[in-house]
Amino acid sequence: MNGYIDCHCHISSGDFDQDLEEVIESSKKAGLLAILAVAEHCGEFEKIIELSKRFPGFIFPCLGVHPVQEVSPEKQRGATPQDLDAALPIIEKYKDQLVAIGEIGLDFTPRFVSGHDDKDKQRQVLIRQVEIAKQLDLPVNVHSRSAGRPTIHLLKELGVERALLHAFDGKPSVALEGVKAGYFFSIPPSIIRSEQVRNEPQNIRVSAEFVAKVKGVSLERVMEATTQNALRLFPKLKTAIRL
């Protein structure tokens, strides 16, 4: 398989507004076949849909409410059911265009949660979004910072069969629980120390080269395996991209 699929990208970030065309072109030159654009809050849903129409067959939309919501550039808090309530009508509007529900999950970083109540609200938001994914027969794109074990346990409890755990930071034993459940794990370029100030899709090669080195296989083998994994997890891609 001659190409990569970026399964988790915040291409709707304002950081890309000034040079988006160049970023997309660079990613294609680096061998990318597709980008899955994930959301953090409902305020960027329409932008993600617009980008998927602007770059058809290359940018694919995933809508969901992230477990951490921004109050201001200096302050963030855990997601609440009210955050999801605002997002639901937009998800319903574009449900047929989505390839996954995400970015969803749990984030128990102390500065974002102050106790059991905050964690419970995040769980409620995740549970409801998993239910939506099931109703739409879509996989979930999952965030689990400082909450690896509770995230995987909750996904299993809810009967989730198709999930991508993004930048998983839990223990290897917990990750293996996810593997046994059939979940996939993405490996971001931050797996190596880097002086880069901004990540972008073309850097997927950094991850692939690291995986190839660790496993002692060719870069082409990593490309083939990861792309096949992406197509298995996100079946809507199969008929939408040129292979």
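This is a predicted model: local features need pLDDT of at least 70, side-chain atom pairs count only at pLDDT 80 or more; totals for chains, interfaces and linings use all residues.
Local features need pLDDT of at least 70 and side-chain atom pairs count only at pLDDT 80 or more, while totals for chains, interfaces and linings use all residues. Residues are numbered from 1 along each chain as its sequence is written, and side-chain values use heavy atoms, with hydrogens and water left out.

Q: Why does Ser12 count as buried?
A: Buried means under 20% relative accessible area, exposed over 50% and partly exposed in between (1.4 Å probe, protein chains only). Ser12 has 4% relative accessibility, so Ser12 counts as buried.

Q: What is Ser12 in contact with, leaving aside its neighbours within four places in sequence?
A: Its contacts (heavy atoms within 4.5 Å) are Val38, Glu44, Lys47, Ile48 and Leu51.

Q: How do you know that the span of helix H3 (residues 81-94) agrees with its 14 residues?
A: The expected span of a helix is 1.5 Å times one less than its number of residues. For H3 this should be 20 Å, and the end C-alpha atoms are 20 Å apart, so the two agree.

Q: Where in H3 does the kink lie?
A: A kink of about 35° lies at Ala87, shortly before the proline Pro89; the bend is the angle between axes fitted to the seven residues ending at a residue and the seven starting there.

Q: What makes up the lining of the second largest pocket, by class?
A: The lining has 7 nonpolar, 3 polar and no charged residues. Ala, Val, Leu, Ile, Met, Phe, Trp, Tyr, Cys and Pro count as nonpolar, Asp, Glu, Lys and Arg as charged, and the others, Gly among them, as polar.

How values were computed:
Helices (H or I, at least four residues) and strands (E, at least two) are DSSP runs, numbered from the N terminus.
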